[in-house]
Amino acid sequence: MAVIGTGASAVQLVPAIADRAARVTVFQRTPPWTLPKPDRRHGRLGRALYRRAPALMRVPRAAFWSVTVLTGLAVTGNRAAAAVLRGVSRTQRWWQVRDPELRARVTPVEPMGCKRVLFTNDWLPALGREDVELVTEAIVEVTEDGLRTADGRTHSCDVLVYGTGFAATDFLVPIRVTGRAGRQLGEEWRDGAHAYLGMAVPGFPNLFLMYGPNTNTGNTSVLYFLEAQARHIAQAVRLLAAGGEPLEVRPEVAADYDAELQRRLATSVWAACRSWYRTATGRIVTNWPGMAAEYRRRTARLDPTDYGHAR
């Protein structure tokens with residue numbers, strides 16, 4: 001079997017198939033930053049305790065939240081937090097990859113966080129197996145027997161797995177959304193998706209998005225953002241249900257907000273390399289530039305003055 005890619009999909013599937021395939025060849029363009037995955041099975045005693053005393057679950061939840069705070073600080077510019085995570089990642093590579101040559105090939109060269117950091121305990125050990133080969137030469141051709149790389153070598157395989165990512169910057173594609181006066185949302189977003197608070201777009205009254213532009217998180221659960229958005233949208237629904245005029249975010253409000261986000265994102269770690277966070281022009285349209293608590297605070301109350309009446 002051959003696997004193209006070393007991102008979030010590959011780090012899950014390669015360890016799973018390594019035990020089943022006679023041989024696995026992994027094709028890598030850039031090595032990812034990894035961190036140990038805080039994952040374990042809960043025994044009978046633990047489950048029984050949680051059933052009888054649910055408050056005990058706050059302890060591991062607090063621990064996980066502390067990890068997200070640390071990672072959030074790291075990707076938003078805190079040098080001490082970033083140094084801690086780099087140290088943990090380097091230690092993981094040293095511990096799990098004892099072959100110096102292989103360790104060098106799986107050592108990232110890009111800043112930590114500019115691409116998705118992967119939590120895994122199995123990826124690096126899988127690459128060290130005798131029946132798994134890591135190939136870093138560029139692929140130049142898919143042949144009837146396998147893959148040919150730039151060094152002229154042909155890597156035979158029976159099954160080819162693409163773990164090459166997804167179109168994260170193409171929001172709502174292929175859905176056509178029509179706004180006031182026939183405006184097309186796809187046309188509005190031709191240079192990159194944008195929305196006020198990630199939820200509202202000028203010219204599209206009463207349209208509110210969930211998990212819209214710049215509401216992906218580089219450090220915590222997206223559910224935290226979705227909950228904040230749900231509360232905000234519920235306020236809009238209550239205003240409309242009370243007989244209010246259609247809600248359409250004012251263009252100047254949305255423009256000022258977008259300018260602030262892009263200014264902050266331009267100096268962030270996500271601007272340091274090419275990734276699925278960015279469009280072909282380099283605009284970062286996926287990630288929120290700050291901590292999750294900031295987004296929750298800024299979306300806590302819908303300000304009617306941010307919205308005008310649809311005409």
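## Strands 1 and 2

Strand 1 and strand 2 run parallel and pair over three bridges; pairing here takes at least two DSSP bridges between the strands. Strands are DSSP E runs of at least two residues and helices are H or I runs of at least four, numbered from the N terminus. In this pairing, Ile4 has Phe27 of strand 2 as its bridge partner.

The model is predicted, so local features need pLDDT of at least 70 and side-chain atom pairs count only at pLDDT 80 or more, while totals for chains, interfaces and linings use all residues. Numbering starts from 1 along each chain as its sequence is written, and side-chain values use heavy atoms, with hydrogens and water left out.

Strand 2 is covered on both faces. Val24 and Val26 are buried on one side, and Thr25 and Phe27 are buried on the other. Buried means under 20% relative accessible area, with exposed over 50% and partly exposed in between, using a 1.4 Å probe and protein chains only.

Zoom out and you get an open sheet of four strands, paired in parallel, in the order 5-2-1-9. Strand 5 (132-135) and strand 9 (160-162) are the edges, each pairing on one side only. From one strand to the next, the twist averages 20 degrees.

Strand 1 (residues 2-4) also pairs with strand 9, again parallel and over three bridges. Across that pairing, Val3 sits opposite Val161. Helix 1 (residues 8-18) packs on the sheet and touches strands 1, 2, 5 and 9; its direction makes about 175 degrees with that of strand 1. Contact means heavy atoms within 4.5 Å. Axes are lines fitted to C-alpha atoms, for helices over the stretch in contact, and angles between N-to-C directions run from 0 to 180 degrees.

## Around Thr34

Thr34 belongs to strand 3 (residues 34-35) and is buried, at 3% relative accessible area. Beyond neighbours within four places in sequence, Thr34 contacts Ser89, Gln92, Leu118, Thr120, Trp123 and Leu124.

## Helices 3 and 4

The axes of helix 3 (residues 58-75) and helix 4 (residues 79-96) come within 7 Å and cross at roughly 110 degrees. That makes the two helices roughly perpendicular, a label for 65 to 115 degrees; under 35 is roughly parallel, over 145 roughly antiparallel and the rest oblique.

Helix 3 brings Leu70, Thr71, Leu73 and Ala74 to the contact, and helix 4 brings Ala81, Ala82, Val84 and Leu85.
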